[in-house]
Amino acid sequence: MADNDKENAAAYWKANVRLITWSLVVWALVSYGFGILLRPLVSGIPVGGTDLGFWFAQQGSIITFILIIFHYAWRLNKLDKEFGVEE
Amino acid sequence: MSQYWINMMFVGASFLLYIGIAVWARAGSTKEFYVAGGGVHPVTNGMATAADWMSAASFISMAGLIASGGYATSVYLMGWTGGYVLLAMLLAPYLRKFGKFTVPDFIGDRFYSRGARLTAVVCLILISVTYVIGQMAGAGVAFSRFLEVSNSAGIWIAAAIVFAYAVFGGMKGITYTQVAQYVVLIIAYTIPAVFIAMQLTGNPIPMFGMFGTHVESGIPLLDKLDQVVTDLGFTAYTADVDNKLNMFLFTLSLMIGTAGLPHVIIRFFTVPKVADARWSAGWTLVFIALLYLTAPAVGSMARLNLVNTIYPEGPAAEAIRYEDRPEWVQTWERTGLIKWEDKNADGRVQMYNDANAAFTPTATERGWTGNELTVNNDIIVLANPEIANLPGWVIGLIAAGAIAAALSTAAGLLLAISSAISHDLIKTLINPKISEKSEMLAARLSMTAAILLATWLGLNPPGFAAQVVALAFGLAAASLFPALMMGIFSKRVNSKGAVAGMLVGVISTAVYIFLYLGWFFIPGTASIPNTPDQWWMGISPQAFGAVGAVLNFAVAYAVSMATEAPPQEIQDLVESVRTPKGAGVALDH
């Protein structure tokens, strides 16, 4: 039983870390990527008088951050129940 | 009714509200004092955290910074919001599961050492005290501007109000006043922005109007703005920056600095469940975004309005005559925040970029002998209602909003300081046998002492209010964030590693900042001139926190690997914070 609990906790943690990793990839892509380093690559895409990179730097990244957090909370709360580790 | 009395009414009414909340929400136990009893709804906590986080700098200064800096200042927008993603996934839920009252509590227990706890307390106090100076100064400025009292009287009034709800109500009183303060500040920020967006773009939602069409010229607003500023020799508003490494590191420093700020982290200890801490971080960012998505719109529109005011016929035509300047320019000239100097003695107000050598021939041809108008960034938000010709009550609202932004952040910081003193220093390190009642008294006395210290520092600002905020973020990024994250995500990092990491992170960051900004910020003691060509690898002092954090991670890991693994019970503790199960009981320690 105790060993099962331990394995279960390890599997839950692994799933959580995977979810965090993917969320951080998106987090970095919209801000450091489109907003800063990759801006020259997306500068050909016009958005309201400027380019996509400017939009991501001033608005798009913030909106994406909100979506990332709510998505993470929703997915992880579901994982909590799947693994039976919820409060 | 005069503007003075309108402002007085709005500010007075908001104060009555805060004091009413203070009377209603008195703390009866240490649990109520430190974490508001642990029963705050995640949405309520989100709103309170948004007010806790958004300081006088966010409310008063940020839009002005963006107006003058354009694309390059996107670092503030991304940096001060992206940290919540880190907080939601890497720190807040696990620290809530741990279930104690302060940030040093976790570091002290996880790294099983008095040295680690003490290092964390020192870092926390350094971070929070530097940060609180700016808030007291901000409140003083708002009082003196709108209520015509002296700066120091303003600071004393602010201190008295915070005293009323923070000393008696603790986290409980602070939480509910922060909710009220959020409502006041967001309404105050949004109303003028909506009117200005309507006037310029016909779209009532500023964040959409910014990327919409400029009604007068029929071309996109940002195109128009790029045109008029480049016509005056300034860099285009949307122009890309050359030093991408610095922009990247600066943004990263602000993000991890935000996630490592103790006064923000402890707000997540107040929600009932671990799952609530995750949701609450999302709600926090929603409430912050309401202001942060509006700020770049306010910045760009205010910049365009300013150029249009000075050059009514466009930047290619004559500037306005000094005696024709609008009333709001006269109002703010009296405060010294707008200055005009008629360098070519033609009675007109020329505003252009006289530092741009390529523009000098054009300027000379037009008979200009230097930029004649200086506008302080801070007036962009404060003068917004007057620029848009809005009624007097909107100005009263801005006054109440600016003060709310300063007070809500100050109270959160003061609680972080006082709980570190009464809980970590007095109860855990000095006298573990202290009774509940005595700890409560100790908490109230530490709060009083913290308020007095903040007031004194507000009255005698060390003359570096702007730089200290950079230091606070740099220190939080380089010290607490890595220690907390490693404490959760690694079972191998031990007390020696954590302490060495924190010390290397803090000292390297502080030294780098002091080299350029002066040792301990004493003017004239800088070792290297603070100019981009002198920065190491082009990294500005404000952007160094991210480097300090990397050093912290590397040193902590290396030292831990070379020394013994943490004891089994610590590895079990790490296991337990990783799953939400059983969090309810942990709080009653």
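## Chain A: an annotated stretch

Let's begin with a label from a database. The UniProt annotation "domain: Sodium symporter small subunit", from an unreviewed entry, covers residues 10-86 of chain A. In the predicted model, that stretch of chain A is 82% helix and 5% strand. Its end C-alpha atoms, for residues 10-86, lie 15 Å apart.

Most residues other than glycine have a negative phi. With that in mind, have a look at two residues of chain B.

Ala36(B) is not a glycine, yet its phi is positive, at about 55°. You will find Ala36(B) in the loop that runs between α2 (30-35) and α3 (42-53) of chain B. Is Ala36(B) buried or exposed? Ala36(B) is buried, because 26 other C-beta atoms lie within 10 Å and the cut-off for buried is 20 or more.

Asn389(B) is not a glycine either, and has a positive phi of about 55°. Asn389(B) sits in the loop between α18 (384-387) and α19 (392-430) of chain B. Here the surroundings read as follows: Asn389(B) counts as exposed because it has 12 C-beta neighbours inside 10 Å, and 12 or fewer is the cut-off for exposed.

## Chain B: helix α23 and what follows

Helix α23 of chain B spans residues 495-517, a run of 23 residues. From its first C-alpha to its last, α23(B) reaches 33 Å, close to the 33 Å expected at 1.5 Å a residue.

Which residue follows α23(B)? That residue is Gly518(B), with a positive phi near 105°.

Definitions and conventions: Residues numbered from 1 in each chain as written. Chains lettered and ligands numbered in written order. Predicted model: local features only at pLDDT ≥ 70, side-chain atom pairs only at ≥ 80, totals over all residues. Helix = DSSP H or I, 4+ residues; strand = E, 2+ residues; numbered from the N terminus. Expected span 1.5 Å × (residues − 1). UniProt positions renumbered as here; feature names shortened; annotations may be inferred.
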